[in-house]
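These are my notebook entries on a structure that I had not examined before. I set down what I looked up, entry by entry.

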Amino acid sequence: MTYKILDALILDLLDGDIDPASLHYLESELASNPGALARYLSFVDLDVLLQIQSAVEDHLEVPAAFRQKVAIKPKRSIPMIAIFSIAAVLLLIGIVLRLLLVTEDPAFRASNCSTYTLTQSSGKKATKGETLTIGSRLELQQGSVEVTFGSGVRGIIVAPADLTYRDQSLIDLKQGNAWFHVPPAAAGFQVNTARMEVVDLGTEFGIHTGNDDKEEIHVLKGKVSVGTSLGARLSTILKAGDARRIDADGNLVSIPLESGDFIKNLPEKLPHLRWSFDDLSGDCLSISGTFPSSEKINTNTRKTDSTPILVPGKFGMALSLNGRGDYAIADWSGFAGNRPRTVSLWVRLPAPKQNYYKIYSGIVGWGNEMDFTLNSKWKILAVQNVKNGPAFLRLSWGAVWLDGTANLADGRWHHIAVTTTGVTGKTGLPEAELYVNGVREIASYGGNVDLAGSPTMDMDTDTINRKSMPLVIGSDLNPVAENRVYFHGEIDEMMIFDGHMPESDIQKLFHP
């Protein structure tokens, strides 16, 4: 906390103008910062002296010229000295009681399919329990966790995340999308990121910090104190509805509040996006799910003829694509890098005599497809190497791909699922699994497998290159529309999960 903020809170207290949340924040700071406590006591001493001076001056004749040169605080009566002395004692007693009563280590619980590493302050990985102790580091590779502190603070953190527990009122958040609710009794709870110090003044806020160099604070309720730890080291107090982003120079830039960017309740399964293909508003498909800001994602359809793009499907309606230019495109860039992910959907391909599935007939994908020497895309497609022959499932990263064997081109509905762990195996190839109708495929790798393990073979989905495409359904990822190959068939009930999904859960998607 800066002296400017500390002094303002102390003066509010002495003037009897402090709100409960700010009082708890001040208590927390005085309890943990000896320098702040000393400064507070100095203010109290000064206030008492000013009151005595004011009382004496009521009985003395003070020259008018002197009164104009010296700024004297508003007069208070002598009994206020006793009141402030009692207030100081009560404040210190409250601090001691909080330190004595709030001793329980924070507990956390993870959503289904979440993976994480918990390392204690000794450097040893925890083998049991879901409790944080002083110095514990929690690295969340996928999924989400709910952390509950003894003070009543509750937080939901979404992967990828990296946090270290310092004490009941302080955590370091190196990476993650996090939401916190802080009750009045725990005001003063602090979250430090690489470039930001956020102190709660009550009662709800969200933070985004990660490898994308984007650090944001969104105040949903109450107030927070925000300070930057680089550049000019600015500090300010934000109220509900305010949001700031720290730029490269350390400035706090005002941005729109995005309350939907944060999950407030632990989901039962991995955060996900869902396209049911049951509704169409104009040319826009509806989206739902538990992934942050799912309601802000738009998916627009592109139709080349007058035939309906939604037809009766496996469940309700389905997306029908003609293979001659029909597709759908979202304004969501997709998961970047080698972040674990799972895609589940139902698909119906015409029988072979009705269509020839070229090798790049994309079902769903995103990323940069134009650099064929790198693995900078992520695309699920149907591959038919022999005209009028079977069409099988493929996951392609670009220069390397993974092929299944089950025939999809038989005019019937099939459930397909593709999942990756985000881990490169001992062979230098990515860990991935293909499923058709709940059964894991006996899959084989193809492409530049001889170069597996080399830096150029890293699985690195590129979502920021000017050649990169956002989520596309029913087409390959060529930025030039006339050069694309389009999918012919129907797609229903598509879900994209933020993380790798085990076989048991994929089978539940096939048999809900």
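**Entry 1. Strand S4 and its partners**

I began with Arg109, whose bridge partner in S4 is Glu146. Strands here are DSSP runs of E with at least two residues, helices are runs of H or I with at least four, and both are numbered from the N terminus. Strand S1 (residues 107–110) and S4 run antiparallel and are joined by 4 bridges; two strands count as paired if DSSP finds at least two bridges between them. I noted that the model is a predicted one, in which local features need pLDDT of at least 70 and side-chain atom pairs count only at pLDDT 80 or more, while totals for chains, interfaces and linings use all residues. Residues are numbered from 1 along each chain as its sequence is written, and side-chain values use heavy atoms, with hydrogens and water left out.

I then looked up the other partner of S4. Strand S5 (residues 154–167) runs antiparallel to S4, with 5 bridges between them, and Val147 stands opposite Gly155 in S5. The two strands form a hairpin with 5 residues between them, and Gly152 in the turn has a positive phi of about 105°. Is S4 (residues 144–148) mostly covered or mostly open? I found 4 of its 5 residues buried, where buried means under 20% relative accessible area, exposed over 50% and partly exposed in between, with a 1.4 Å probe and protein chains only.

**Entry 2. Strand S8**

I turned to strand S8 (residues 196–209), which is mostly covered, with 12 of its 14 residues buried. S6 pairs with S8 in the antiparallel sense over 6 bridges, and Asn177 stands opposite His208 in S8. S7 and S8 run antiparallel with 3 bridges, and Val191 has Val198 as its bridge partner in S8. I recorded a hairpin here as well, with 3 residues between S7 and S8. Strand S9 (residues 216–228) pairs with S8 in the antiparallel sense over 11 bridges; Thr203 stands opposite Gly222 in S9.

**Entry 3. Aromatic rings**

How many aromatic pairs does the model hold? I counted 15, taking rings of Phe, Tyr and Trp (its six-membered ring) as paired if their centres lie within 6.5 Å; planes under 30 degrees apart are stacked, over 60 edge-to-face and the rest tilted. Phe149 and Phe189 form an edge-to-face pair, 5.3 Å centre to centre with 65° between the planes. This pair links distant parts of the chain, since Phe149 lies in the loop between S4 and S5 and Phe189 in the loop between strand S6 (170–181) and strand S7 (190–192), 40 residues apart. Phe149 counts as buried because its relative accessibility is 5%, and Phe189 is buried at 1%. Phe149, Tyr165, Phe180, Phe189 and Phe205 form one aromatic cluster.

I looked up the largest nonpolar core, which has 48 residues; Phe277, Trp332, Leu345, Ile380, Ile416 and Ile496 have the most contacts inside it. Such a core is a set of buried Ala, Val, Leu, Ile, Met, Phe, Trp, Tyr and Cys residues joined through side-chain atoms within 4.5 Å. Another core, of 33 residues, lies apart from it and includes Leu132, Leu140, Leu163 and Leu173.

In helix H6 (residues 503–510), I found Asp505, Ile506, Leu509 and Phe510 buried. They are on the same side of H6 because they cover an arc of only 155° around the axis, the arc being that of the directions from the helix axis to the C-beta atoms. The buried residues of H6 pack against strands S21 (341–348), S26 (413–424), S27 (430–436) and S31 (488–497).

**Entry 4. Pro292**

Last, I located Pro292 in the loop between strand S16 (288–289) and strand S17 (299–302). Is Pro292 buried or exposed? It counts as buried, because its relative accessibility is 13%. Pro292 and Asp261 are 31 residues apart in sequence, yet 4.6 Å apart in space, C-alpha to C-alpha. Not counting residues up to four places away in sequence, Pro292 touches Gly260, Asp261, Phe262 and Ile263, where contact means heavy atoms within 4.5 Å.
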